[in-house]
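Please examine the sequence and the model shown below before reading on. The explanation that follows takes a few parts of the structure in turn.

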Amino acid sequence: MGRNLVRRLMPGVVVVVLMGLESCGTAWRPGGDPSNVAVGSLSEGFPIGLLLPDTRTPRYEKFDRPYIVRQVAALCPKCEVVYGNAGGDPQRQSRQLASMLSAGVKVLILDAVDPKGVSDWVALAKNQGARVVAYDRLAGGPVDAYTSFDNIQAGRMQGRSLLDAIRIGGDLRRGEIVMVNGSPADQHAGDLKKGAHQVLDGQVTIGREYDAPGWSPARAGEAVHGAFTALGPDRVIGVYAASDAMAGGIATILRNAGATPGTPLTGRGAELEALRRILLGAQTMTVYLPIRSVARSAARIAVDLGVGRTVSGTTTLSNGTVASIPATMIAPVVVDRGTIKDTVVKDGYWTATEICAPPHLRTACLAAGLTQRAGG
């Protein structure tokens, strides 16, 4: 077993970062222990494993991890959070999961790098009497509960915002749009794509549509460049981008290709650079995911499962292994130039100072009501 780095973040909560561990697998045997049997108690506390997928996406270390740790501390002061970040490597995540099980962790919050590929590991956890909360992405295998954002709804929001912005400039049929979806291997991308098509199909002509492996901004930019070459910049009246990172690459292509300034462009994630593009008119909107809410939901479900409480959700979902998984789905929020102050700044996701740090944003920030008094 590899070296464990233990760091105490706050009274009653210990975070253990797990590294360098070997993996193994097994199959799930249906009929194992029921999820409403306690594996710990509030009075004595118990370990809760937290497995996050990568460090490339800023939200996981800046928001998800500390929010979950704090909420666990509030709900179960004697519980400890055992932490592992996979760094985008599914095999590393498997080794971290195996180490947690070997250490006796019986409750896991799992944001899978590879939701389908992790199913055998979820089965292993269940066979060892552990409870598994699928977080952010719906993992395969016999998970006990799921909490995430409603990404189909987020896709609808992107689609509606795109149509609304295109209408401002004229008839929806005066040109074509380009769609750049996320990674075809990611459940989130599929849900966003489904929601967007529910709104866009039949309303506007989709001239070109692409999937961007790995949500790559470079791939997204290349795709849009190819679409502009084929269709002509005058024919493209809007671009659907599934994420803010991809929207960044696309915004550069739009500028260099001679697209009409302010060509509608969507995003998702409320990333700092996206908010700045929105203020400057280079991006139309983003979808804000209130991470504090979903993190608190995950912590609550994990503690409930640990002490044997029955878990319910806002709906039930199937992952192909379990037909009716209790799922708590958190509604996303549309953010545009007029709502930055009352959404991401009000929630403390970003401060006005962080957003408006570049001097060239001063005028746009003042117009949007973003000052130090408006959130930092």
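**Disulfides, a helix and a proline**

Cysteine 76 has a relative accessible area of 0% and is therefore buried. The structure considered here is a predicted model. Cysteine 79 is also buried, with a relative accessible area of 0%. These two residues, cysteine 76 and cysteine 79, form a disulfide in which the sulfur atoms lie 2.1 Å apart. A disulfide is a covalent bond between the sulfur atoms of two cysteines. The torsion about the S-S bond of cysteine 76 and cysteine 79 is about 70°, so this disulfide is right-handed.

The count of disulfides comes to 2. The other one joins cysteine 356 to cysteine 365, with an S to S distance of 2.0 Å. Its torsion is about -105°, and the disulfide is therefore left-handed. Cysteine 356 is buried at a relative accessible area of 18%, and cysteine 365 is buried at 2%. In sequence order, the bonded cysteines pair as 1-2, 3-4.

Attention now turns to helix α4, which comprises residues 151–168. Its 18 residues reach 26 Å from the first C-alpha to the last, close to the 26 Å expected. Aspartate 150 caps the N-terminal end of α4, placing a side-chain oxygen 3.3 Å from the backbone nitrogen of isoleucine 152. Among the buried residues of α4 are Ile152, Met157, Leu162 and Ile166. The elements covering its buried residues include β7, β8 and α5. After α4 comes glycine 170, whose phi is positive, near 140°.

Finally, proline 326 is located in strand β13. Proline 326 counts as buried because its relative accessibility is 18%, under the 20% cut-off. The residues that proline 326 touches include Asp144, Tyr146 and Val311.

How values were computed. Residues numbered from 1 in each chain as written. Predicted model: local features only at pLDDT ≥ 70, side-chain atom pairs only at ≥ 80, totals over all residues. Heavy atoms only, no water. Helix = DSSP H or I, 4+ residues; strand = E, 2+ residues; numbered from the N terminus. Expected span 1.5 Å × (residues − 1). Buried < 20%, exposed > 50% of the residue type's maximum accessible area, 1.4 Å probe, protein only. Contact = heavy atoms within 4.5 Å. Polar contact = N/O pair within 3.5 Å; in protein donor to acceptor, adjacent residues only side chain to side chain. Disulfide = S-S within 2.5 Å. Lists of a residue's contacts leave out its neighbours within four places in sequence.
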